[in-house]
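Please look through the sequence and the model below before reading on. The briefing that follows takes up helix packing, the surroundings of the ligand and the overall dimensions in turn.

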Amino acid sequence: MVQRIEFENTLTFARRLDSGDPLRKFRNRFYIPVVEGREAIYLCGNSLGLQPKSAREAVEREMLHWETLAVEGHFVGRQPWLTYHKQFKEPIGQLIGALPHETVVMNNLTANLHLLMASFYQPTPQRYKILMEAGAFPSDQYAVESQVKFHGFDPAEAILEVLPRTGECTLRTEAIIQVIEAHKDSLALVLFGGINYYTGQVFDMKAITEAGRKVGTYVGFDLAHAIGNVPMHLHDWGADFAVWCSYKYLNSGPGSVAGAFVHERHADNASLLRLAGWWGYDEGARFGMQKGFKPMYGADGWQLSNGPILLMATHKAALEIFEEAGINNLRDKSIKLTGYLEFILRTHPLLASHIRIIIRI
Ligand SMILES: Cc1ncc(COP(=O)(O)O)c(C=O)c1O
């Protein structure tokens with residue numbers, strides 16, 4: 001529970017908050033662009049997070065391994081490339097509330113969305129609809145539209161979007177649940193953002209998952225704007241799958257490696273259809289180069305290719321900072337910062353009447 005603060009709109013007060021901020025030392029772990037001789041006030045972490053100062057060294061380490069070890073780098077060195085992706089399981093698990101075998105770091109977000117939809121969108125003539133939030137990020141809209149067409153359905157009929165009430169900007173959880181219940185016999189998938197990229201609304205992922213599972217449909221989340229931003233408990237909530245990118249709130253670099261969550265209850269369901277590749281093959285036998293795909297247990301079974309180590313190196317450097325800072329501490333701070341901004345906007349003599357706050361913390 002975040003303690004309530006009596007805010008004051010003064011520099012002295014803001015500086016006092018800064019000096020008591022347990023996370024203040026982390027600012028110095030990132031490069032902050034300098035604009036016209038001054039450090040920028042960077043409000044674009046929702047698009048591209050700042051570079052951790054440790055990222056360059058992490059990449060150079062792998063470059064050195066490549067230079068000196070060449071192919072042996074897969075098997076020796078501080079962190080052999082063959083198992084490099086496994087070191088993400090713990091830190092990612094802490095961020096999204098997942099067990100180690102429920103997550104895998106791989107590919108990019110939209111590619112992962114397609115891979116997971118290949119498994120969790122298996123429409124039948126009775127159950128073929130996908131429910132989304134209206135105004136989902138366009139890549140998700142295109143992915144869903146193309147999946148629907150791929151299976152021979154009409155997007156106009158198969159895609160349902162929940163809209164805010166007239167005059168409102170955000171979605172009411174009860175409205176989402178109502179639509180799920182109204183289409184209970186025809187829904188194949190509920191696919192929502194964890195946080196809407198445009199409004200910033202944090203959806204009630206627990207309630208959406210419960211409602212979806214109650215009517216027997218799969219439930220998946222796009223966590224692009226949620227991971228590294230808000231704490232989550234995907235395992236406990238029971239979501240079937242989730243996907244995310246790492247270049248926004250996870251500070252892992254432009255186009256860096258993404259990730260996927262697949263709930264434990266699907267971990268050894270080898271009959272679940274999927275689009276496979278050799279890196280998802282049973283690790284112990286992968287180099288047997290045999291015919292007939294045998295998936296690895298858990299989310300690892302959805303991997304296609306060997307991982308992009310240089311991108312994973314920056315990802316690792318960034319996640320080390322998250323592990324140290326702790327997602328709950330980050331969330332406490334973001335609530336305080338946003339609360340303070342809200343206070344300033346609401347009480348500012350000139351701004352207040354021009355600004356509409358659409359979400360209250
Ligand atoms: C919510 C959301 N989904 C999907 C994407 C697309 O991600 P990518 O280009 O990494 O596939 C983005 C990118 O900003 C996004 O914000």
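**Briefing on a predicted model**

Helix α3 (residues 89–96) and helix α10 (residues 309–325) have axes that come within 10 Å and cross at roughly 50°, where axes are lines fitted to C-alpha atoms, for helices over the stretch in contact, and angles run from 0 to 180 degrees between N-to-C directions. That angle makes α3 oblique to α10, since angles under 35 degrees count as roughly parallel, over 145 as roughly antiparallel, 65 to 115 as roughly perpendicular and the rest as oblique. This is a predicted model, in which local features need pLDDT of at least 70 and side-chain atom pairs count only at pLDDT 80 or more, while totals for chains, interfaces and linings use all residues. Residues are numbered from 1 along each chain as its sequence is written.

**α3 and α10**

- The crossing of α3 and α10 is left-handed (left-handed if the near helix is turned anticlockwise from the far one by less than a right angle, and right-handed if clockwise).
- P91, Q94 and L95 of α3 make the contact with L319, F322 and E323 of α10, two residues being in contact if their C-beta atoms, placed from the backbone, lie within 7 Å.
- This contact has 4 nonpolar, 1 polar and 1 charged residues (Ala, Val, Leu, Ile, Met, Phe, Trp, Tyr, Cys and Pro count as nonpolar, Asp, Glu, Lys and Arg as charged, and the others, Gly among them, as polar).

**α7 and α8**

- The axes of α7 (residues 173–182) and α8 (residues 205–214) come within 9 Å and cross at roughly 15°, which makes α7 roughly parallel to α8.
- The crossing of α7 and α8 is right-handed.
- On the α7 side T173, I176, I177, I180 and E181 take part, and they meet A207, I208, A211 and G212 in α8; the residues of this contact divide into 6 nonpolar, 2 polar and 1 charged.

**The ligand, α4 and α5**

- Around the ligand stand N108, L109, T110, F137, S139, D140, G193, Y197, D222, A224, H225 and C245, where a residue is near a molecule if its C-beta atom, placed from the backbone, lies within 6 Å of it.
- α4 (109–120) and α5 (138–150) are the elements that give two or more residues to this shell, which by class has 5 nonpolar, 5 polar and 2 charged residues.
- α4 and α5 also pack against each other at an angle of about 30°, with their axes 10 Å apart, and the crossing is right-handed.
- T110, L113, H114 and M117 in α4 meet S139, D140, A143 and Q147 in α5, and the residues of this contact divide into 3 nonpolar, 4 polar and 1 charged.

**The whole chain**

- The protein chain has 11 helices and 9 strands, helices (H or I, at least four residues) and strands (E, at least two) being DSSP runs numbered from the N terminus.
- Its C-alpha atoms fill a box of roughly 70 × 60 × 35 Å, taken along the principal axes.
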